[in-house]
Amino acid sequence: MIVCVCNNVSEKKIHHAVDTGMSTMSDLRTHLNVGTCCGKCAGCARQVLRECIAKKESREHEVQLFLHKLGFQNNEIPA
């Protein structure tokens, strides 16, 4: 789904941005130009950003639990 029509920013682009370390609306404005034209997309972009961050944190938590079940401690986790 297109989140920002003015700058052709999709949910997929926001997901990718979060996966590469972006975590704020300021990051999205700077790197993807989200909300820099008419601003009508800001609310939707903020919601997509929150959902992406929550999913990323959930995945990271699941990986930690899995590694713990395998017997790894936090300082032993392979890179």
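Biologist: Which residues does serine 10 touch, not counting residues up to four places away in sequence?

Modeller: This is a predicted model, in which local features need pLDDT of at least 70 and side-chain atom pairs count only at pLDDT 80 or more, while totals for chains, interfaces and linings use all residues. Residues are numbered from 1 along each chain as its sequence is written, and side-chain values use heavy atoms, with hydrogens and water left out. Contact here means heavy atoms within 4.5 Å. With residues up to four places away in sequence set aside, serine 10 touches Met1, Ile2 and Val3.

Biologist: Is serine 10 buried or exposed?

Modeller: Serine 10 lies in strand β2, residues 9-10; strands (E, at least two residues) and helices (H or I, at least four) are DSSP runs, numbered from the N terminus. Buried means under 20% relative accessible area, exposed over 50%, and partly exposed in between, with a 1.4 Å probe and protein chains only. Because its relative accessibility is 15%, serine 10 counts as buried.

Biologist: Where is asparagine 8, and what is its phi value?

Modeller: Asparagine 8 has its place in the loop between β1 (2-4) and β2. Its relative accessible area is 47%, so asparagine 8 is partly exposed. Its phi is positive, in a residue other than glycine, and is near 50°.

Biologist: In which loop does asparagine 33 lie, and what is its phi value?

Modeller: The loop between α2 (25-32) and α3 holds asparagine 33. With a relative accessible area of 37%, asparagine 33 is partly exposed. Phi is again positive in a residue other than glycine, with a value near 65°.

Biologist: What separates the C-alpha atoms of cysteine 44 and valine 3?

Modeller: Cysteine 44 belongs to helix α3, and it counts as partly exposed because its relative accessibility is 32%. Leaving aside neighbours within four places in sequence, cysteine 44 is in contact with Met1 and Val3. Cysteine 44 and valine 3 are 41 residues apart along the chain, and their C-alpha atoms are separated by 6.6 Å.

Biologist: At what angle do helix α1 and helix α3 pack, and which word describes α1 relative to α3?

Modeller: Axes are lines fitted to C-alpha atoms, for helices over the stretch in contact, and angles run from 0 to 180 degrees between N-to-C directions. Helix α1 (residues 11-19) and helix α3 (residues 42-69) have axes 9 Å apart and pack at an angle of about 45°. Angles under 35 degrees count as roughly parallel, over 145 as roughly antiparallel, 65 to 115 as roughly perpendicular, and the rest as oblique. The angle therefore makes α1 oblique to α3.

Biologist: Which residues of α1 meet α3, and how many residues of each class has the contact?

Modeller: Glu11, Ile14, His15, Val18 and Asp19 in α1 meet residues of α3 including Ala45, Val48, Leu49 and Ile53. Ala, Val, Leu, Ile, Met, Phe, Trp, Tyr, Cys and Pro count as nonpolar, Asp, Glu, Lys and Arg as charged, and the others, Gly among them, as polar. By class, the contact of α1 with α3 has five charged, one polar and seven nonpolar residues.

Biologist: Which residues are in contact with isoleucine 53, leaving aside its neighbours within four places in sequence?

Modeller: Isoleucine 53 is found in helix α3 and is partly exposed, because its relative accessible area is 23%. From glutamate 11 it is 42 residues apart in sequence and 13 Å apart in space, C-alpha to C-alpha. Leaving aside neighbours within four places in sequence, the residues in contact with isoleucine 53 are Val18 and Ser23.
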